[in-house]
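I opened a new page for this chain.

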Amino acid sequence: LPLIVGPALADLGGLKPGTPEYANWVSLLFYIPAIAGGLFGLIGGYLTDLFGRRRILVFSILLYTLSAFASGYATSLPLLLIFRVTTFIGVCVEFVAAVAWLAELFPDPKQRETVLGYTQAFSSIGGVMVSAAYYLSVTYADSFWAIYGAHHPWRYTLISGVIPAIPLILIRPFLPESPEWARKKSEGTLKRPSIAAIFAPKYSRTT
């Protein structure tokens, strides 16, 4: 968003930096998607228990992918905001599902810690990738297909979010479900403690 917000506001709303309208839309685009992502990230934990780690992982990444693609074709600022919200929701739910899924796929503690460590580390590479995508979009925008009769780099940058989902679609049939989740589901022992439980006396200092 820091890369594309200026060009997007100029293109969709004719807004210029320094104006109240510009500042208002920057705030909306930064904060509303983040708040929605945080709330749905919490709900994502419940959904992964209800429907399974793999299923929610796949659906959340597909939601992110479709939203990223659609945001590149937004025709108004409200529409861009809506697609940014659904993009954030997809990302936040995906991260919750991925961590739970990986933690249960690797029961050995050292192996699990390694896998989760690499997951956390590689999640930051997205910033590098999108910077590269923006550079390529600015450099070669005129060579890409026209969107609404123009070649705006910010649109191609948003659409580039589709690329990471391509490997997922290809390997989807080979992804195993969490055996731990499947076992608890079949035994009927898959129950989530209440939020208040983390404030119980034995956890109060940690919490």
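Leaving aside neighbours within four places in sequence, which residues is Leu-80 in contact with? I looked this up in a model that is predicted. Leu-80 touches Ala-8, Leu-12, Leu-29, Ser-71, Ala-74, Trp-154 and Leu-158.

Next entry, the core. I find that the largest nonpolar core has 33 residues. Leu-80 is among those with the most contacts inside it, together with Leu-9, Trp-25, Leu-29 and Trp-154. At least two residues of this core come from each of α1 (5-13), α2 (20-51), α3 (53-71), α4 (77-105), α7 (153-159) and α8 (165-171). I note that α4 gives the largest share, ten residues.

Next entry, the rings. I count six aromatic pairs in the structure. For Tyr-118 and Phe-122, the ring centres are 6.3 Å apart and the planes stand at 40 degrees, so I list the pair as tilted. Both residues sit in helix α5 (residues 109-123), four residues apart, about one turn of the helix. Tyr-118 counts as exposed because its relative accessibility is 52%, and Phe-122 is likewise exposed at 52%.

I then turned to Trp-145 and Tyr-156. Their ring centres lie 5.3 Å apart with planes at 75 degrees, so this pair is edge-to-face. Trp-145 is in the loop between α6 (125-140) and α7, while Tyr-156 is in helix α7, so the pair ties together parts eleven residues apart in sequence. Are the two buried or exposed? Trp-145 is partly exposed at 44% relative accessibility, whereas Tyr-156, at 5%, is buried.

Last entry: I find Phe-69, Tyr-73 and Tyr-148 in one aromatic cluster.

Note on methods. Residues numbered from 1 in each chain as written. Predicted model: local features only at pLDDT ≥ 70, side-chain atom pairs only at ≥ 80, totals over all residues. Heavy atoms only, no water. Core = buried A, V, L, I, M, F, W, Y, C linked by side-chain atoms within 4.5 Å. Buried < 20%, exposed > 50% of the residue type's maximum accessible area, 1.4 Å probe, protein only. Contact = heavy atoms within 4.5 Å. Phe/Tyr/Trp six-rings, centres within 6.5 Å; stacked < 30°, edge-to-face > 60°.
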